[in-house]
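User: Could you walk me through this structure and tell me what stands behind each label you use?

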Amino acid sequence: LEPLHRSIVINREFGSGGREIGRRIAERTGAPFYDSRILAEAAANRGLPADLLTQFDERVAGGQYFTLAMMTGPDIEAFSLPYRMYAAVGEVITAAAAIAPAIFIGRCADQILADAGISLRSVFVYSTDTAAKVARAVEVDGIDPRHAQSHIARMDKARRRYQQFFTQTSFGDPREYDLCLNSGRLGYEACAEI
């Protein structure tokens, strides 16, 4: 095993295989792997319902929680809910990376770690192979093939809004990352090796 010297954060287009690439890196290096595990730990640490964090995950801006918070007006509890959930996720990410370098998938972990002064490498995985993205969405996520392309577009839009809302950075903008990888051309194994 080759140990990591800094955490790796993988942001990704839906269906590009970013999670799979992260998993392969974790297997090679022995580094802890955090994807939806972040949500479970955040919920446990803050006493928030796990299903609430799962629904919130990368979908807050423009989603039901953001809309609810804005519509409730002076109800500070509802208004602060997205920020409290994001803070809970941030605490888990920061605490994990402070112990040892890890692999983090999405959830603005790159900005969270940078703000905490923790060393990281920020990666964006995308794919120019639409058929492969659709196939992955169908196979891994169980999306109906007839709706896979529109589902991919919705998920990428949700991730874009989430990142913009919490970090004021642009999802997929190459200037925001240390490295951008096209899994459609390189394949998952080559991306993990790089």
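Analyst: Happy to! In helix H7, the residues Lys133, Val134, Arg136 and Ala137 are buried. This is a predicted model, in which local features need pLDDT of at least 70 and side-chain atom pairs count only at pLDDT 80 or more, while totals for chains, interfaces and linings use all residues. Residues are numbered from 1 along each chain as its sequence is written, and side-chain values use heavy atoms, leaving out hydrogens and water.

User: How do you know that the buried residues line one face of H7?

Analyst: Seen down the helix axis, they fall within an arc of 160 degrees, so they line one face. The arc is that of the directions from the helix axis to the C-beta atoms. These buried residues pack against H1, H8 and helix H10 (188–193), where contact means heavy atoms within 4.5 Å.

User: Why is H7 called a helix, and what span is expected for it?

Analyst: Helices are DSSP runs of H or I with at least four residues, strands are runs of E with at least two, and both are numbered from the N terminus.

User: What makes E1 and E4 a pair?

Analyst: Two strands pair if DSSP finds at least two bridges between them. Six bridges join E1 to E4, so they qualify, and they run parallel. Ser7 stands opposite Leu120 in E4. The open sheet has the order E2-E3-E1-E4-E5.

User: Why are E2 and E5 at the edges?

Analyst: Strand E2 (33–34) and strand E5 (179–182) each have a single partner strand, so one side of each is left without a neighbour in the sheet.

User: What makes the largest set of 26 residues a nonpolar core?

Analyst: A nonpolar core is a set of buried Ala, Val, Leu, Ile, Met, Phe, Trp, Tyr and Cys residues joined through side-chain atoms within 4.5 Å. Ile38, Ile93, Phe104 and Leu113 touch the most other members. H5 gives the most to this core, with nine residues.

Methods
Buried < 20%, exposed > 50% of the residue type's maximum accessible area, 1.4 Å probe, protein only.
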